[in-house]
Amino acid sequence: MGEKWMKQVAEGMQDFYRRLTKDGYNPDDVKPALYEVERIVHMEQLRRQVLSCTDCSLCGHAKSRVPGTGNTGTPFMIVGEGPGEDEENWGLPLVGISGSLLTLILTKAGIRREQIYMTNVVKCRVTDEKGKNRTPAREETLECSKYLLRELEIIRPRVVLALGKVALQFFFPDMKTMSQFRGNVYDYNGIKVVPTWHPAYIVRQRGDALARSKREVWSDLKVAIECAKRNG
Ligand code: SF4
């Protein structure tokens with residue numbers, strides 16, 4: 001994000017504040033309105049940056065970039081690993097089979113997608129030599145993590161539901177396995193992080209393992225929703 005551009009936006013907001021309060025509008029109403037406008041402007045700028053990014057080798061075979069999407073004023077963010085084939089084709093995160101399952105689970109919990117914000121650690125699809133999805137190594141995700149850091153900075157959610165190991169390790173590099181660390185709430189710079197299984201993992205399970213993973217994701221989601229409702 002260019003410093004000059006950020007300065008321009010900040011100066012614009014100061015100017016709007018002066019003009020609106022001079023015209024008699026209550027500063028307590030003006031401030032949150034301008035804060036909202038500023039947040040949307042910053043997020044749009046970030047989206048454009050992601051769409052044109054060629055900053056690392058992961059974009060080598062990627063057909064498109066997939067920025068985050070959703071409500072930028074939400075206390076609840078969901079972070080996945082990276083786009084799969086459907087997400088790459090459609091330009092949106094979590095819209096393939098796993099995203100559809102996630103949407104189903106969210107709906108059962110009373111949450112609509114447009115109420116929250118969804119994104120991935122990596123914005124380009126990562127594939128192997130046969131063109132199949134592959135899990136990026138942590139070192140490969142480092143360059144792209146600047147975008148997720150910026151999304152967290154702009155939205156400042158109360159809680160993040162971290163889907164799968166790549167998302168968990170973005171926040172806590174030393175947490176190596178989901179099975180060991182899920183079921184707890186962690187703190188990341190004042191943001192609650194609730195790790196849970198990626199829906200792609202649930203889609204692959206059968207029998208008892210399927211029932212267990214569904215139960216665990218449901219329980220983690222409920223915890224995350226409670227965190228999102230809480231102030232402080
Ligand atoms: S993976 Fe991220 S940093 Fe790398 S090219 Fe894609 S958008 Fe840019």
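This is a predicted model: local features need pLDDT of at least 70, side-chain atom pairs count only at pLDDT 80 or more; totals for chains, interfaces and linings use all residues.
In general, strands of a sheet pair through backbone hydrogen bonds, either parallel or antiparallel.

S1 and S3 run antiparallel and are joined by two bridges. Gly 70 is opposite Tyr 117 of S3. Val 79 has Thr 119 of S3 as its bridge partner. Further along the order, strand S4 (residues 159-163) and strand S6 (residues 191-196) run parallel and are joined by five bridges. Within that pair, Val 160 stands opposite Val 193 of S6.

Strand S3 (residues 117-120) is covered on both faces. Tyr 117 and Thr 119 lie on one side, Met 118 and Asn 120 on the other, and all of them are buried. Asn 120 can be looked at in more detail. Asn 120 counts as buried because it has 28 C-beta neighbours inside 10 Å, where 20 or more is the cut-off. Leaving aside residues up to four places away in sequence, Asn 120 touches Val 66, Val 79, Gly 80, Glu 81, Gly 82, Pro 83 and Pro 93. Ser 145 is 25 residues from Asn 120 in sequence, and the two C-alpha atoms are 9.3 Å apart in space.

H10 has 23 residues and reaches 34 Å from its first C-alpha to its last, close to the 33 Å expected at 1.5 Å a residue. The buried residues of H10 are Ser 213, Val 217, Asp 220, Leu 221, Ala 224, Cys 227 and Ala 228. An α-helix has 3.6 residues a turn, so residues three or four places apart point the same way. The cover over the buried residues of H10 includes the strands S2, S4 and S6, together with helix H4 (97-108) and helix H9 (199-204).

H9 also holds Arg 204. Arg 204 is exposed, because 12 other C-beta atoms lie within 10 Å and 12 or fewer is the cut-off for that class. Arg 125 is 79 residues from Arg 204 along the chain, and their C-alpha atoms are separated by 20 Å.

Helix H2 (residues 27-51) has 25 residues. Its first and last C-alpha atoms are 36 Å apart, close to the 36 Å expected at 1.5 Å a residue. His 42, Met 43, Leu 46 and Val 50 are the buried residues of H2, and they pack against helix H1 (3-22) and helix H6 (145-155).

How are H2 and H6 oriented to each other? They pack at an angle of about 170°, with their axes 10 Å apart, and are therefore roughly antiparallel. H2 contributes Arg 39, His 42, Met 43, Leu 46 and Val 50 to the contact, and H6 contributes Tyr 147, Arg 150, Glu 151 and Ile 154. By class, this contact has five nonpolar, one polar and three charged residues.

Two loop residues remain. Arg 156 sits in the loop between H6 and S4, and its phi is near 50°, a positive value in a residue other than glycine. Arg 156 is partly exposed, with 16 other C-beta atoms within 10 Å. Asn 189, in the loop between S5 and S6, is not a glycine either but has a positive phi of about 50°. Asn 189 is exposed, with 10 other C-beta atoms within 10 Å.

How values were computed: Residues are numbered from 1 along each chain as its sequence is written. Helices (H or I, at least four residues) and strands (E, at least two) are DSSP runs, numbered from the N terminus. The expected span of a helix is 1.5 Å times one less than its number of residues. Two residues are in contact if their C-beta atoms, placed from the backbone, lie within 7 Å. Axes are lines fitted to C-alpha atoms, for helices over the stretch in contact, and angles run from 0 to 180 degrees between N-to-C directions. Angles under 35 degrees count as roughly parallel, over 145 as roughly antiparallel, 65 to 115 as roughly perpendicular and the rest as oblique. Ala, Val, Leu, Ile, Met, Phe, Trp, Tyr, Cys and Pro count as nonpolar, Asp, Glu, Lys and Arg as charged, and the others, Gly among them, as polar. Two strands pair if DSSP finds at least two bridges between them.
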